[in-house]
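I am opening this notebook to keep track of what I look up, entry by entry.

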Amino acid sequence: MPYDPKRIEPRWQATWREHATFRAEIDPRKPKYYVLDMFPYPSGAGLHVGHPKGYIATDVLARFKRMRGFSVLHPMGWDAFGLPAEQYAIETGTHPRVTTRRNIETFKRQIDALGFSYDWSREIDTTDPGYYRWTQWIFCKLFERGLAYEAEVAVNWCPALGTVLANEEVIDGKSERGGHPVVRLPMKQWMLRITAYADRLIADLDGVDWPEPIKKMQRDWIGRSEGAQLRFPVADHTDLAIEVFTTRPDTLFGATYMVLAPEHALVGVITTPAQRSAVAAYVEAAARRSERARVADAKTKTGVATGAFAVNPGSGERIPIWIADYVLAGYGTGAIMAVPAHDERDFEFAGQWGLPIRKVVDVKGQELPSTGEGVSVASGFISGLPTAQAKRRIIDWIESESHGKGAVTYKLRDWLFSRQRYWGEPFPVLHLEDGSVKLVGESELPLRLPELDDFRPVGDRETPLERATDWIVTTDPATGRPARRDRNTMPQWAGSCWYFLRFVDPRNDTAPFSPEAERYWMPVDLYVGGAEHAVLHLLYARFWHKVLYDLGLVHTVEPFQKLVNQGMILGASYRYFDDNISDDPSVNPRRYSFREVRASGEGSVASSDGRPVRARFVPNDQVQHSGDGGFQHASIPGLELEEVIEKMSKSRGNVVNPDEVVAEFGADSLRLYELFLGPIDKEAPWTTEGILGVFRFLQRSWRLLVDEDAPGEPARSLPEGIGTPAQARLLATTVQGVSDDVEAMRFNTAIAKLMVFVRDIARDAPIARDAADAFVRLLAPFAPHIAEELWERLGHRESIAYAPWPAADPALLVAETVTIAVQVNGKRRAEVEVAANAGDDALRAAALADANVQRHLEGRTPRKVIVVKGRLVNIVI
RNA sequence: GCCCGGGUGGCGGAAUUGGUAGACGCGCUAGCCUCAGGAGCUAGUGAGGGAAACCUCGUGCUGGUUCGAAUCCAGUCCCGGGCACCA
């Protein structure tokens, strides 16, 4: 029987399911290994081949660790609250619960077909009241500790999405999802005090094994800066002072003016009558100016003088107070002392408005503006001090003179935690008539979402939950007094902030998880997911985990010991351009190939007449090779197409559905191919031809052990033992190499080594039984279905899932002879075969004896001979 | 603008971290097998020269260090990602 994945794979998947092969058990006799994928949002579109790449990698590790004797926790679940299901509900009236359930079914079916070793008995769905009960419970803990509070804050309101967004979800004034415009509005919102953990979120990064760039992004996001807070008295206003934050208090004597953000509270108070109209106009213009426009011309710094003056507490000078939008209202105190000599922005601004520039730090080799460290000059009592000392001295002075104090500020803001949506966790709180807020009792959790049949927001800036009147209006069970429920829900991040903890004990209904399970399984040993979660999800989850640590509920400060970001799988799409910008179906568009088009501003234009054009993506079945290596349209003659390799997406028509790949080549081939493509953390393009290579490898592996033409024969009859010395050595190096590669997640080279084994093992003699046994075990983590099948055919009764991983005989890893390269003046001239333990003299002799080497020496005596044992000999003449 | 990655055959990628560049795979070429094959098997495949033995060149570019550089250093050019007036 030939290799037939369609017969093998469903059979073994069913066997694993029936025997609960992958159920994770707490086993104190075994070391544990917790390997986790970032759980997906089950979208309606289903999976494409890019999604499972990380899941394949973690599955290989999970299976490998099981065979190495670890008790492995490898779970999967669904991050199922979120906007798309709600949007779909608004459009169609289908309840998000229905959509969510359907999507989960599709995802689960697709994932299951790939033969992953998940413990499905631990499946989690964040929308399950049995789960979000504990999400609400954790919120209560946050509230009790003063880490959740309501505040009237200027929020990012997105009219198109009908909700507020966290700062992190807004990019260039547009929503991260969908790119809709966002406006700033004051609203009462739930906030989480993540800033209280800022220092620990930075410090504890040192202890985790994460990619350095990700750590750096988190540190930058938190944006800690040390310096001083300083008060500058406003001249002629005895009771007013402007608070500023600076990281360079040592430059105080060089502060020649001040700048307030246009939104600063003092602007209206201190502006002189003469400047009032100019200032008012500027403030209004700044408020209207979009984020994008402000960033776009960051080069020119606009501003206007208030007419007021402040007193520099260092020099005692009167310095003018300006307003300008290059000072951000939201950072520090919304005001700065401007030191044009030592800050590029202040330097530009001063140059533009003719403000004085005073050098107070001598920085070697730098002209003004010099922002580096140096030695203070013209700065009174700190003159002559190097920057670090000058900072300390002046902070001491500031504090003793009560001008301010040493201070630390962060870029990180408190986390805006409420959304004006339906499909999320309700807040477990009651709003009482006196304006106070109290938690609902723990016994009343979960506070379930009320049923609705209309999911649209009510009016402007209101929430869909407003429609559930008899849910909103309630009484406080403790006092019987009237109360209202919160009309907001939690953001999608909430459920993913702690799901990795629920997995350790997912059916517990008296606690979020038991201390025993947490102590055994946590922390996550390996966490794999996309780099797009580098900041948000990982920062939020770490924050919650630290709060739980402070509550004594978890025993490690960090949840994820090792983090790996898998690279994307890219798809090829093919495009041309046309001038039908408005997508009008009635016009007959003029078409252009990519050669007739150039980029211009936001879009593309035809090179010939400069008219705007739009890219059109062609379905793959309409793409033909055009002989010269290019591509052309199948049904529009002469239309040249451009190949674009990019992220798979529906709109590009470049998605590859794993179902089709599995149907044609099987799950084992898909798994092997995605790993074989290259390093796990790099992106790589998918090609349909490429998968043939790994499919052939599996066929060869099959034929190595199964005689296809012998019906009824489960496997070839193999000689006992380990085979010839050469075979034994090949096995040993393969075992060693594959083991090392898997441990280091170098899956591509591990597979290459398995291919070499299959190619060479039966070259001179049939493969021996022990070698076959070992090979199938090496193959098992990568291609588990074919491995189970072969394992059974080799006569084993138990699943290969827990068969012990083979060990390499160290004696066999040392080759008897080695091939040494011989160089003359650094150029390779020969290879000689010598005994592996040959000494330097023997190597030298062997090298000099070679005919080609002698030819290049041309009778000259070597000046120097460099011998590298086991590698090469270099003869220098 | 700043900060990270990364530039190796026609393509995806290897290279024990300073020691035979191109493992493995795709594609391509030739042969075998086959009624047939987008199947299978065998061999070849960086470029140029040469019947061959071999020779020259070759890891984005320009220099440098070294017996020896894809790997280290300096400069420079591209590509991808992140941040973007954070005081």
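**Entry 1**

I began with the loops and found Pro523 in the loop between α16 (515-521) and β24. I noted that the model is a predicted one, and that the peptide bond leading from Met522 to Pro523 is cis in it, with omega near 0°. I then looked up Pro446, where the bond from Leu445 is cis, with omega near 0°, and I placed Pro446 in the loop between β21 (437-439) and α13 (469-472). In the loop between β10 (225-233) and β11 (241-246) I came to Asp236, a residue other than glycine whose phi is positive, near 70°.

**Entry 2: the sheet that holds β24**

For Leu36 I wrote down Tyr527 as the bridge partner in β24.

**Entry 3: antiparallel pairs around β33**

I turned next to strand β33 (residues 640-647), which pairs with β26 (residues 569-578) in the antiparallel sense over six bridges. In this pairing I found Gly571 opposite Glu646 in β33. β33 is also joined to strand β32 (residues 631-633) by two bridges, again with the strands running antiparallel, and here Gln632 stands opposite Glu640 in β33. I recorded β32 and β33 as a hairpin with six residues between them, and in its turn Gly638 has a positive phi of about 80°.

**Entry 4: domains**

I listed the division of chain A as domain 1 (225-409), domain 2 (569-647), domain 3 (662-812) and domain 4 (815-876). Between the centres of domain 2 and domain 4, taken over C-alpha atoms, I noted a separation of 58 Å.

**Entry 5: helix α22 and its two partners**

How do α20 and α22 pack, and at what angle? I found that α20 (residues 691-705) and α22 (residues 747-760) have their axes 10 Å apart and an angle of about 45°, and the two helices are therefore oblique to each other. The crossing in which α20 passes α22 is left-handed. From α20 the contact takes Gly693, Val694, Phe697, Arg700, Ser701 and Leu704, which meet Leu754, Met755 and Val758 in α22. Sorted by class, this contact has six nonpolar, two polar and one charged residues.

I then compared the pairing of α22 with α23 (residues 769-779), whose axes come within 11 Å and cross at roughly 155°; these helices are therefore roughly antiparallel to each other. The crossing of α22 and α23 is left-handed. Leu754, Phe757 and Val758 of α22 make the contact with Ala771, Phe775, Leu778 and Leu779 of α23, and by class these residues divide into seven nonpolar, no polar and no charged.

Conventions. Residues are numbered from 1 along each chain as its sequence is written. Chains are lettered from A and ligands numbered from 1 in the order in which they are written. This is a predicted model: local features need pLDDT of at least 70, side-chain atom pairs count only at pLDDT 80 or more; totals for chains, interfaces and linings use all residues. Side-chain values use heavy atoms; hydrogens and water are left out. Axes are lines fitted to C-alpha atoms, for helices over the stretch in contact, and angles run from 0 to 180 degrees between N-to-C directions. Helices (H or I, at least four residues) and strands (E, at least two) are DSSP runs, numbered from the N terminus. Angles under 35 degrees count as roughly parallel, over 145 as roughly antiparallel, 65 to 115 as roughly perpendicular and the rest as oblique. A crossing is left-handed if the near helix is turned anticlockwise from the far one by less than a right angle, and right-handed if clockwise. Contact means heavy atoms within 4.5 Å. Ala, Val, Leu, Ile, Met, Phe, Trp, Tyr, Cys and Pro count as nonpolar, Asp, Glu, Lys and Arg as charged, and the others, Gly among them, as polar. Domain bounds come from an automatic or database domain assignment. Two strands pair if DSSP finds at least two bridges between them.
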